[in-house]
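Me: I am new to this structure and would like to go through it by question and answer. Please show it to me before we start.

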Amino acid sequence: MKKDDKIEKWLEDDSFMEYMQKRTIEMFNHILNNYPYDPQYEELDECFDRDDRYVVPLVDYLVYRLHRARLKRNSKKRREGIWWVFIQIILLGDCITSFPEDFKRLLLELRTTLIPMLHAEYVRKMNN
């Protein structure tokens with residue numbers, strides 16, 4: 001079964017979706033309260049607020065952070081790095097719908113990274 005088909009099947013499971021929402025809220029609070037300040041991201045975000053041309057560098061930076069997180073050997077740091085990127089996407093909110101083509105690549109890659117990670121957590125939790 002292809003990865004996309006598995007993801008679609010998982011997203012149809014109501015209990016998994018409930019777990020995913022609960023976990024997202026939990027990680028949202030954790031990342032906002034405990035994760036270190038990233039001056040490079042903040043600079044790009046401020047520039048993007050003033051000028052839409054900064055959307056591409058902002059997305060490229062988020063893709064870079066996602067790739068860097070995926071390469072970490074420490075699984076806790078790897079998961080937190082992936083969550084950090086996802087939280088930034090949540091905070092960008094309407095910008096994503098305004099620039100769908102620019103965010104498309106990042107969103108697809110984040111989906112194929114975050115959802116399997118969350119599903120593995122969910123399965124571990126259900127088996128305990």
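Me: How many positive and negative side chains does the chain have, and how far apart do the centres of the two sets lie?
Reply: The model is a predicted one. Lys and Arg count as positive here, Asp and Glu as negative. On that count the chain has 22 positive and 23 negative side chains, and the centres of the two sets lie apart by 10 Å.

Me: What radius of gyration does the chain have, and what would a compact globule have?
Reply: The C-alpha atoms fill a box of roughly 45 × 30 × 25 Å along the principal axes. For 128 residues, a compact globule would have a radius of gyration near 14 Å. The chain agrees with this, at 15 Å.

Me: What percentage of the residues in the chain is buried?
Reply: A residue counts as buried when its relative accessible area is under 20%. The chain exposes about 8,300 Å², of which carbon and sulfur atoms supply 50%. Of the 128 residues, the buried share is 38%.

Me: How many disulfides are there in the chain?
Reply: A disulfide is a covalent bond between the sulfur atoms of two cysteines. The sulfur of Cys95 is 14 Å from the closest cysteine sulfur, in Cys47, and so is too far for a bond. The cut-off for a disulfide is 2.5 Å. The count comes to zero.

Me: Is Cys47 buried or exposed?
Reply: Cys95 has a relative accessible area of 22%, so Cys95 counts as partly exposed. Cys47 has a relative accessible area of 16%, and because the limit is under 20%, Cys47 is buried.

Me: Which residues is Thr24 in contact with, leaving aside its neighbours within four places in sequence?
Reply: Thr24 has its place in helix α2, residues 14-34. At 15% relative accessibility, Thr24 counts as buried. Beyond the neighbours within four places, its contacts are Trp83, Phe86, Ile87 and Ile90.

Me: Among contacts between residues at least 6 apart in sequence, what percentage joins residues at least 24 apart?
Reply: Contact here means heavy atoms within 4.5 Å. Among the contacts in the chain between residues at least 6 apart in sequence, the share joining residues at least 24 apart is 70%.

Definitions and conventions: Residues numbered from 1 in each chain as written. Predicted model: local features only at pLDDT ≥ 70, side-chain atom pairs only at ≥ 80, totals over all residues. Heavy atoms only, no water. Rg over C-alpha atoms; globule rule 2.2 N^0.38 Å. Buried < 20%, exposed > 50% of the residue type's maximum accessible area, 1.4 Å probe, protein only. Areas by Shrake-Rupley, 256 points an atom, 1.4 Å probe, with all protein chains shown as cover. Charge placed at Lys NZ, Arg CZ, Asp CG, Glu CD. Helix = DSSP H or I, 4+ residues; strand = E, 2+ residues; numbered from the N terminus.
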